[in-house]
Amino acid sequence: MKGRPLKLPFLFFLIIIFIILFSILEAYSTLITISEVEPLPRRDSTTYFLSKYTGSHGEFNFMVETRSVELQPTGEHVNSAVITLYWTVEAPPGQDGREFTISVSLYDDNGGSLTSGSVTVCLLKGTNSGSYTIPLSSTNIDDVASVETSITDKGWCKIP
Amino acid sequence: MVQNTVKKIILIFILTILITTTLAYSTAIYIEEVGQLGASEKTPIAKYNLRVYSVSISVENNQITSITITVASSTPGTYNIYATVRSGSCSATASWSNVYLTTTPITLPSFSLSPQCTYTPPGATVEVRGEPA
C-alpha cells in the first residue's frame, strides 16, 4: 500500500483523541478501584462547641464550663442531649447560687438550625458539677454537622 | 486515494468509540449518582456518615488534658478517627487508628492531649473527623 505519509494536523488530531479517550478510561477505572477499596464520605466530620462562661457581680465571681455533650440516640435519630457542667459560683449571704440557662443547638451543613433546646438551672454556690438533660425534637444524626452549646447568666437564685 | 480511505476509516473508528463512550458515560451519570459508576447495582460505592454522639473533655487546672468521644458510622468498616480541640489560639489533636465502627455507637478510649490548651471563654471547639483506614 503506497501513499504519502500522514500529515502533521492529522497526527495532532489523533494524539488529542487518544488523550481524551485515555482520560475517560482512566477516570472510569479509578472509580472502579475506589469502589472496591473503600467507601466514600458523605459526612466525615462533626463539630462540637463546648461553651465556657465567666462573670462577676460586685465582688462575687462565677464560672461555668461545659465539660461534655452527649446526644441520646434512638435508632438513627437523637431526641435529647445530656450536658455535664462544672462550675464555681460565689454568692452573697441570702442567695443560694446563680441561675443559668444552658442551651444546645444542632445545625446542618448549611448552618441551618435543625433543633434546639434549653434548660434553666440554679447552680449552687461553691464548686460542683452536674448533668442536665435537654429535650430536643427528633433529628436524624446524619444531618447534624455541628452541635453548639451556650450559657446565659440569669441572676441570683434561691432554692425554694 | 488509498491513503485517504485509510484516514477516513481511522477517523470513523475513533469517533465511533468516542461518541459511544461519551454517551455511555453521560447516561450513567444521568441515570444514577456518580457514585454508582464503576460498579454494578449489586456492588454500589458505599458512602459513609460518621456519627458523633458525644464529646467529653477533662480539665485540670484550667487545662484541657484529655478527650473522650462516642462515634459510629452508617457504613460498617475500619476507620481512623481524629479529634481536634481548639481553644483560643491553641489546638491539639487526638487520634485513634483502625477503629472498627458499626451503626452501634462506641466510646473510644480517653486520649491524653498534647499540648494541653487552656480552657478559656467563650469555649472550646472540637472537630471530630473520620476516614477509612
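B:P115 is found in strand β6 (residues 111-118) of chain B, where helices (H or I, at least four residues) and strands (E, at least two) are DSSP runs numbered from the N terminus. The peptide bond leading from B:S114 to B:P115 is cis, with omega near 0 degrees. This is a predicted model, in which local features need pLDDT of at least 70 and side-chain atom pairs count only at pLDDT 80 or more, while totals for chains, interfaces and linings use all residues. Residues are numbered from 1 along each chain as its sequence is written, chains are lettered from A and ligands numbered from 1 in the order in which they are written, and side-chain values use heavy atoms, with hydrogens and water left out.

Chain B has a further cis peptide bond, from B:P121 to B:P122, with omega near 5 degrees. B:P122 belongs to the loop between β6 and β7 of chain B. In the loop between β1 (47-60) and β2 (63-73) of chain B lies B:N61; its phi is near 50 degrees, a positive value in a residue other than glycine.

The interface comes next. Here 48 residues of chain A are in contact with 45 residues of chain B, contact meaning heavy atoms within 4.5 Å. About 4400 Å² is buried between the two chains, and carbon and sulfur atoms give 63% of this area; buried area is the accessible area (1.4 Å probe) that two parts lose on being put together, summed over both. The rule finds two salt bridges across the interface, a salt bridge being a side-chain nitrogen of Lys or Arg within 4 Å of a carboxyl oxygen of Asp or Glu. In a salt bridge, the side chains of B:R51 and A:E76 meet at 3.4 Å, N to O. On the side of chain A that touches chain B, α1 (8-37), β1 (40-43), β2 (45-57) and β3 (60-74) of chain A each supply at least two residues. The greatest contribution to that side comes from α1(A), with 13 residues.

Strand pairing also links the chains: β2(A) and strand β7 (residues 123-132) of chain B run antiparallel and are joined by seven bridges, pairing being assigned if DSSP finds at least two bridges between two strands. A:T46 has B:V128 in β7(B) as its bridge partner.

Over all chains, a search finds two disulfides, each a pair of cysteine sulfur atoms within 2.5 Å. A:C122 and A:C157 form a disulfide, with their sulfur atoms 1.8 Å apart. Since A:C122 lies in strand β6 (residues 113-124) of chain A and A:C157 in strand β8 (residues 146-157) of chain A, the pair ties together parts that are 35 residues apart in sequence.
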